[in-house]
Structure formats: structure tokens, C-alpha cells
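Visitor: I would like to learn how to read a protein model, one feature after another. Where do we begin?

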Amino acid sequence: MIMSASGRLLVVCKEDQTLEVLDLLSGTTVGRIRASGFTPHEVAATPDGTRAYLPIYSDVGLGNPGTDGRAIDIVDLVEMRLAGSIPIDVGSRPHLPVMGVDGRLYVSTELDESVSIFDPSSGARVGRLPTGRPQSHMFVLSPDGARAYSANVDTGSVSIVDVASESLLDVVDVAPEINRISISPDGATAFCADQTLPRVAAIDLGSKRVTWIDLPSRGFGTAVTPDGRFLVVALRWASQIGVVHLADPTSVTAIDVPASPQAIVVHPAGTHAYSACDAAGEVVEVDLGTRQVSRIFSTGRGPDGICWAAEPRELLLN
């Protein structure tokens, strides 16, 4: 294995209510941390890899009646333990966490129709980005941190929010239903998968124009490679991962993977893509050079949210 596949993968195993930590160089599980409640779905790591944030969402899936989470677990990735919790003043079903370039923690709080901003040092909620639509389940930040773009599932729309003024700028209608969202490294285009047809929307964030990339089957999670050349798509219902050449979107390579890939994470070096395959209880690694599965990692039950994390500096210094 080439050395560029370094660092760790953080994997949320929903059915076990745990965060699993996979070391990419050894290919082994080096930590398993039980969450404080039912149930986390997604995770984010600090840039130095020492901490992770794990929102407690709900004991049910999107749109169903059940508990409304109101806390974010803090995980120590050096000692592999819970290190505290950030409370939220309302039951908002916090879902996706993202570390901003400004050092603040952004979390989708969908029942509040917002993305909430937290100061990680104090745990205080210091801002609210209104999405203006229900089920703002997933979002991305622009590379410069100036805009937030939320994927509003059941309205099939994307909200555009100015971070500095905390104001809703626009809502782009995309499809009857969408899920997940990614953004190109230059911040010019957002991608989200139509949940009714086998296609991905490419949204020009300047003109708000939507164009379509046809897929072999319906997509789910997406991610763009760091060089901006390829879009990687989880073809969830076909149990495949698709690689789209963005210079020629008709060119799509479909790679068979374990059952039901969810999110897509691309290694910062651009060499590999990863997806948690929840029905299989596995995480798959795809070599983006050879377009082949290079490794499969066994995990706990129901792996879903996944992110790459740096090896903690404290460990590297010892």
C-alpha cells in the first residue's frame, strides 16, 4: 500500500451507537467509543486529529416521529474516550458537523431549519444560519467559509446562506427529493443526488443554474477529488461507487462494492475514496488510480457517517 493512504477514518456505527476509529496504515481498528445517546449519524474531526464531534441525532430516521437530540459529544481521539458534551438549548436533531476554516464548529440543526455555529472552546452556540426550509439534513461550507449550502431533503432544494451576516440569500429548487451535498475545491459548483432518478445535480453557485449528470443508478453521497477532476458517487442501491470524469460527465466508471455505500470521503492526497457500506457492516477503500477496490474493513453494525482524520500530533511526537 502506498504511504499516501495515511491518517485515520472515523466511522459512525449507528446500530451500535459507537464511533469506530480505523488506522489506515495498519488497516486495524484502534478505538471504539460509545456515544452518550441514541443515535449519532455523522462525525467531524479537528484539523490536528485530536478531537471529534459527534452530534446525537435521534432514535429514528429522517422525518419520523421519535426523540429530538440536543447535544454534541466531544471525543478525545488520543485517549479514545468521551471528553464532554456540548448542550443545545432546543431539541433540534443535530446531524452533520463540519469544522470551519475559522475554527468554529458548524452543525446542521434541522428541526430549527438552520445550521448552528458553536465555539468549540466554550461550547456556546454563537450563531444561527437560517435555511428557510425543513429537513436541512446535510450542508457544505464554501472553501473560504463565506457561504453555507444546505441540502433540504423533502423539498428537493438547496439553501444559500451568508455566514457573516447569518442571512438566507436564496433557495435553489433542484428535484422532488435530494440527499447529501458536496462542493468543488474552487467553490464554484455544488453537487447533490436526485433521490427519484439516476442523476446528480451540478449547481453553478454563481448563476444558480442546475445541470444534470446521468448515472448508471440512483446516487447518494458525493465528493469531488482535491484536483477537481473527478466526482465520486455512492450508487447506494446498486452497491457500487461511480467515478465521473467532470471534463466529460458521460464517462462514468462503476465499481462493485459491499452493500449500500452511504457517504463518500476522498483522502486529502486524492489517491483513495472511502464509503461506509451500512448493510454490509464494512467500509470500502477504492484506489482512484486503478479504479478498483483495494481494501475492505469490517466495522460495527450500521456504519454510516465517515470522515478522514489526521494522526494526532500527540501520538506522532511520542
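This is a predicted model: local features need pLDDT of at least 70, side-chain atom pairs count only at pLDDT 80 or more; totals for chains, interfaces and linings use all residues.

Visitor: What is the volume of the largest pocket?

Guide: The space in the largest pocket comes to about 1,300 Å³. Its lining has 42 residues, and the closest to the centre are Val-98, Val-140, Val-265, Val-266 and Cys-307. Several strands give two or more residues to this lining, among them β4 (44-45), β20 (222-224), β24 (265-266) and β28 (303-309).

Visitor: How do the residues of the lining of the largest pocket divide by class?

Guide: That lining divides into 30 nonpolar, ten polar and two charged residues.

Visitor: Let us turn to the whole chain. How many helices and strands are there in the chain?

Guide: The chain has one helix and 28 strands. Taken along the principal axes, the box that the C-alpha atoms fill is roughly 45 × 45 × 35 Å.

Visitor: What share of the residues in the chain is buried?

Guide: Buried residues are 56% of the 318. Contacts can also be sorted by separation in sequence: among those between residues at least 6 apart, 41% join residues at least 24 apart.

Visitor: What tends to happen to nonpolar side chains?

Guide: In soluble globular proteins, nonpolar side chains tend to be buried together. In this model the largest nonpolar core has 28 residues, and Val-174, Ile-181 and Ile-203 touch the most other members. Strands that each supply at least two residues of this core include β8 (94-99), β10 (114-118), β13 (147-152) and β16 (178-183). The strand that gives the most is β12, with four residues.

Visitor: Which residues is Ile-181 in contact with, leaving aside its neighbours within four places in sequence?

Guide: Ile-181 is in contact with Met-138, Phe-139, Val-140, Tyr-149, Ala-151, Val-158, Ala-190, Phe-191, Cys-192 and Thr-222, once neighbours within four places in sequence are left aside. Another core lies apart from the largest one; this other core has 16 residues, including Val-21, Ala-35, Met-80 and Cys-307.

Visitor: Now a single residue. Is Ala-148 buried or exposed?

Guide: To decide, compare the relative accessible area with the cut-off, under 20% for buried. Ala-148 has a relative accessible area of 3%, so Ala-148 is buried. Ala-148 is found in strand β13. Leaving aside neighbours within four places in sequence, the contacts of Ala-148 are Leu-129, Val-140, Leu-141, Ser-159, Ile-160, Val-161 and Val-163.

Visitor: How far apart are Ala-148 and Arg-291?

Guide: Distance can be given in sequence or in space. Ala-148 and Arg-291 are 143 residues apart in sequence and 32 Å apart in space, C-alpha to C-alpha.

Visitor: Where does Thr-18 lie?

Guide: Thr-18 lies in strand β2 (residues 18-23). Thr-18 counts as buried, at 7% relative accessibility. With neighbours within four places in sequence left aside, Thr-18 is in contact with Val-11, Val-12, Cys-13, Arg-32, Ile-33, Arg-34 and Ala-35.

Visitor: What about the backbone? Which residues other than glycine have a positive phi?

Guide: Glu-113 has phi near 50°, and Ser-260 has phi near 65°. Glu-113 lies in the loop between β9 (105-109) and β10, while Ser-260 lies in the loop between β23 (252-256) and β24. Glu-113 counts as partly exposed at 31% relative accessibility, whereas Ser-260, at 18%, is buried.

Visitor: Which form does the peptide bond from Phe-38 to Thr-39 take, cis or trans?

Guide: Read the omega angle for this. From Phe-38 to Thr-39 omega is near -10°, and the bond is cis. Thr-39 has its place in the loop between β3 (28-34) and β4.

Definitions and conventions:
Residues are numbered from 1 along each chain as its sequence is written. Side-chain values use heavy atoms; hydrogens and water are left out. A nonpolar core is a set of buried Ala, Val, Leu, Ile, Met, Phe, Trp, Tyr and Cys residues joined through side-chain atoms within 4.5 Å. Buried means under 20% relative accessible area, exposed over 50%, partly exposed in between (1.4 Å probe, protein chains only). Contact means heavy atoms within 4.5 Å. On a 1 Å grid over the protein atoms alone, a cavity is a set of points where a 1.4 Å probe fits but cannot get out, and a pocket is an open set with protein on both sides within 12 Å along at least five of seven lines; lining residues have an atom within 4 Å of a point. Grid points are joined across faces, edges and corners, and a volume is the space filled by probe spheres set on the points. Ala, Val, Leu, Ile, Met, Phe, Trp, Tyr, Cys and Pro count as nonpolar, Asp, Glu, Lys and Arg as charged, and the others, Gly among them, as polar.
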